[in-house]
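Try each task before you read its solution.

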Amino acid sequence: MSVDPKHTAVVLIEYQNDFTSEGGALHGAVQEVMEKTGMLENTRTLVDAARAAGATIVHAPITFAPGYGELSEHPYGILKGVVDSTAFVQGEWGSQIVDELAPQPGDVIVEGKRGLDTFATTNLDFILRARGITTIALGGFLTNCCVESTMRTGYEKGYAVITLSDCVAATSPEEHENAIRFDYPMFSEVMTSEALAGELEGATLPAG
């Protein structure tokens, strides 16, 4: 898959304190895989390289009003876990984007994410198409949940989808590895952050 920085967006899904940081409501659930893959540092390094190459950086945090009125009265599955842990509440530290990946001038922050698929309740598709984006590279949380949901929809919508195998984390190594091994290749090009950085840098070098 050829990568043109001008038409590429790195989409950062839920790099928020409740996942990424000590004391975050759900950090303990993902800490093992985060440490195993080095995903936070890998992502920071990639984002720096992507910005330098001229790619678009898109932040996709998930937030809820206090009381989670946006969800059903009796949530189940992963969203029940969010409610039970009181994670991602608007205005609280836990919902803030981690300092290491704080948005910079020129970045895009997508608003309205309330569920798993980043496209579903946001204007992400409009933003990408308005900017001429044809390739999306995905990193974040969870490997087998929001990242995978966004990957599948991006594929269906006709984007060239890259999933960053060392920039994602799940609640167990088994879930993480299973998604990357069996699911990701069906709907995306699986790449490491280093490989994508190399593609972006190579695309900006003068010919010859």
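Helices (H or I, at least four residues) and strands (E, at least two) are DSSP runs, numbered from the N terminus. This is a predicted model, so to speak: local features need pLDDT of at least 70, side-chain atom pairs count only at pLDDT 80 or more, and totals for chains, interfaces and linings use all residues. Residues are numbered from 1 along each chain as its sequence is written, and side-chain values use heavy atoms, with hydrogens and water left out.

**Exercise 1.** Work out which helices each supply at least two residues of the lining of the largest pocket.

*Solution.* Start with the term: on a 1 Å grid over the protein atoms alone, a pocket is an open set of points where a 1.4 Å probe fits, with protein on both sides within 12 Å along at least five of seven lines, and lining residues have an atom within 4 Å of a point. Next, count the lining: 18 residues, with F19, L26, I78, V82 and L142 nearest the centre. Now the helices: α2 (27–37) and α4 (78–84) each bring at least two, and α4 gives the most, with four.

**Exercise 2.** Classify the ring pair of Y15 and F141.

*Solution.* Rings of Phe, Tyr and Trp (its six-membered ring) pair if their centres lie within 6.5 Å; planes under 30 degrees apart are stacked, over 60 edge-to-face, the rest tilted. By this rule you get six aromatic pairs. For Y15 and F141, the centres are 5.7 Å apart and the planes at 70°, so this pair is edge-to-face. Y15 sits in the loop between β1 (8–13) and α1 (17–20) and F141 in strand β4 (residues 135–141), so the pair ties together parts 126 residues apart in sequence.
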